[in-house]
Amino acid sequence: MATKAADKIILSRSQDIPFNKLVLSQANVRRVKAGVSIADLAEDIARRTLLQSLSVRAQVDGEGNETGLYEVPTGGRRYRALELLVKQKRLARNAPIPCIIRTEGLGEEDSLAENLQRVALHPLDQFRAFQTLMDKGLSEEDIAARFFVTPAVVKQRLRLASVSPKLLEIYAEDGMNLDMLMAFSVSDSHERQEQVWASLTQPWQKEPYHIRRALTASSIPAYDKRARFVGLEAYIAAGGPIMRDLFTPDDGGWLGDVPLLERLVTEKLAKAAEAVMAEGWKWVEVNVDFLYGHTVGQRRLKAEIVPRTEAEEARYAELTAEYERLAEEHDTGEDIPEEVDQRLTALAAEIAQLEERPERFDPQEMARAGCYVRVNAEGELRVERGFVRREDEPPVEEAIPEGGAAECDVTQSAAAHAAYTGTSVSQEPEPEDEGMKPLSDRLVMELTTHRTLALRDALARDPDTAFLAVLHALCLETFYPGSYASCLEISARGTVPVLQEPSLRDCAAATAIVDRHENWRQQMPARATELWDVLVGFDADSRAALFAHCVAGTVNAVHENWNRHNGRLNHADTLAGVLDLDMATAGWVPTVDNFLGRVTKARILEAVREAKGAEAAQRIEHLKKPDMAAHAQELLAGTGWLPELLRKTGQPKGEITHPADNTAAEADASLPVAA
């Protein structure tokens, strides 16, 4: 018996229907607006025409009769885009629209089926499609315009398409997620990408931040002062590669050719040193950075500030007047017009240039002095001029002119010491009367000993002068190393930390000290013998501030294995308490470099536990130490947490000063969760 043949499928018929015969149906299940906007879709239809027909049903009245119109239950967004084109008079009202006419089932069913059975394009297919369009001659801007995205989005997609084909296949098979693929796009080397992927043996290692760190480990970040000193343009012009992360902030990227960067830095510093040496200095030392305290014990020359010329004074007055006039006219609380803001910026820059005057040194002094050429924390060239080493100092007779405070010589000090301690000095025979023969050394010592004792007594009765005399001695030690221009046998032993890390120079406290010292140095006279008269001319507040600056330079609160005097360290604690010293307020924050990367994992977890709680510590305890330290740095930022050595005396471990905002807490969401 023959089997009955299966019924053949009959597809719905298609027909062009004038647009003015179409109406939207309430059967469309799409209610929430999402995806490409109607305006963008209209532009796409205008460029490519309609790529997908509308699904329609004949409209019937209450009695079941067709009205001649067709409802659109499927393709409502396309209908609205066509409607917009009609309103813009870019499409005729009766333009024929390709439609599929449905007669069976329900309109709601058609709408739901079309949306549910639609399969979104895999991201990798989109990446490759963009690359194909590029290969066929379209630019990034062309692709962005045609698909209504920004050129930055196109760059991102093309970057993802350029990842190693091996890793792209792993991504296509769900072996890695999109965030991981984006992290791999930091590097352009397929070989390096595959090496890093092969090294990721643990789940926690596959975090995007870990992948980026592994790919950039041998590079230098663009915010490094060496990179900023050379400049990215010069580095690129020399053939240096730069790795950029198009998906997260990268502060300018990473410079991949470290030897090239180091060579460019050396060449630029050497060129700068040649120019400085040509000024007439005895020596010039060059380094990216010097150890903290490298100038201690060296005398700094006093420079003469070159005054402005008459023409410069006139220009300065003109610029200042214009700046004040514009600032006053627009001081209304409203936004300043862009052209006015640009003019104010230009005026401020030119005024600052005129205010920053060059320095002029004595050529004879320059012949025995030198300069240090380095790169500061902002990547700018820094030239420190006019340092005289002890071995280059002139003989004492030359260094100390006759007269003034220098008249208190060594013999007076010896005599005073003998009288004060009771030690004897060899007797000399009394000379016979031979007219105006010079006094004997013995008699000179006796007479000046009397004067020394009387001077001590008088000074003890005059606290103001005593204060000034001590200030004078401190200033000599601070600003004129090697000078013998004081009769006070007081020594201000300013110590340099044994650990002279270059990073100490850039900390907040060191920067403030250097700036303050330079400010006072500019007010010091050129010669030590002129210092007393200058100090006499200072008012009481200035003397007190200068005294504090000089005394501060003698503080030593460093814990040293070979110098464990409890009295010194206890006094440092007392002094910190009186000053209410808060190291967090002073600018110290825990980082990988200064603490977290140099202690055990247990101490890192203890720090996080104290500042952020046990849950935060638990979330990072599974990480390896480098990653744990990096995450801890993010967690501790803004919390005010300090190691015990840096806390106020008596402050409990758990007593942490938290900031008013919640920025640090927000970082918790980015932490990896323990497996």
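Two strands pair if DSSP finds at least two bridges between them. Helices (H or I, at least four residues) and strands (E, at least two) are DSSP runs, numbered from the N terminus. The model is predicted: local features need pLDDT of at least 70, side-chain atom pairs count only at pLDDT 80 or more, and totals for chains, interfaces and linings use all residues. Residues are numbered from 1 along each chain as its sequence is written, and side-chain values use heavy atoms, with hydrogens and water left out.

Strand 3 (residues 54-60) and strand 4 (residues 66-74) run antiparallel, joined by four bridges. Arg57 stands opposite Glu71 in strand 4. The two strands form a hairpin with five residues between them. In its turn, Gly64 has a positive phi of about 90 degrees. Strand 3 also runs parallel to strand 5 (residues 96-101), through three bridges. There, Leu54 has Cys99 as its bridge partner. Strand 3 is mostly covered, with five of its seven residues buried. Buried means under 20% relative accessible area, exposed over 50%, and partly exposed in between (1.4 Å probe, protein chains only).

Strand 9 pairs with strand 13 (residues 370-375) in the parallel sense, over four bridges. Glu285 stands opposite Tyr372 in strand 13.

## Helix 13

Helix 13 (residues 258-277) has 20 residues. From first C-alpha to last it reaches 28 Å, close to the 28 Å expected at 1.5 Å a residue. The expected span is 1.5 Å times one less than the number of residues. Its buried residues include Leu260, Leu264, Leu269 and Val276.

Asp257 caps the N-terminal end. A side-chain oxygen of Asp257 lies 3.1 Å from the backbone nitrogen of Leu260.

## Salt bridges

A salt bridge is a side-chain nitrogen of Lys or Arg within 4 Å of a carboxyl oxygen of Asp or Glu. By this rule the count comes to 24. Asp392 and Lys282 form one of them (2.7 Å, N to O). Asp392 lies in the loop between strand 14 (381-388) and helix 17 (396-399), and Lys282 in the loop between helix 13 and strand 9, so the pair ties together parts that are 110 residues apart in sequence. Asp392 is buried at 13% relative accessible area, whereas Lys282 is partly exposed at 43%.

Glu350 and Arg315 also meet in a salt bridge (3.0 Å, N to O). Glu350 is in helix 15 (residues 338-355) and Arg315 in helix 14 (residues 310-329), 35 residues apart. Glu350 is partly exposed at 27%, and Arg315 is partly exposed at 29%. Another salt bridge joins Arg374 and Glu384 (3.5 Å, N to O). Arg374 lies in strand 13 and Glu384 in strand 14, so this pair ties together parts ten residues apart in sequence. Arg374 and Glu384 are buried. Salt bridges with shared partners also join Arg299, Glu365, Arg368 and Glu393 into one network.

## A nonpolar surface patch

Leu439, Leu443, Val444 and Leu447 form a nonpolar patch on the surface, with about 320 Å² of accessible area together. Accessible areas come from the Shrake-Rupley method with a 1.4 Å probe; for residues, only the protein chains shown count as cover. Patches are made of residues with over 30% relative accessible area and no salt bridge: like charges are joined within 9 Å, nonpolar side chains (Val, Leu, Ile, Met, Phe, Trp, Tyr) within 5 Å. Leu439 sits in the loop between helix 18 (410-421) and helix 19 (441-460).

Methods. A polar contact is a pair of N or O atoms within 3.5 Å; within protein, one must be able to donate a hydrogen and the other to accept it, and residues adjacent in sequence count only if both atoms are side-chain atoms.
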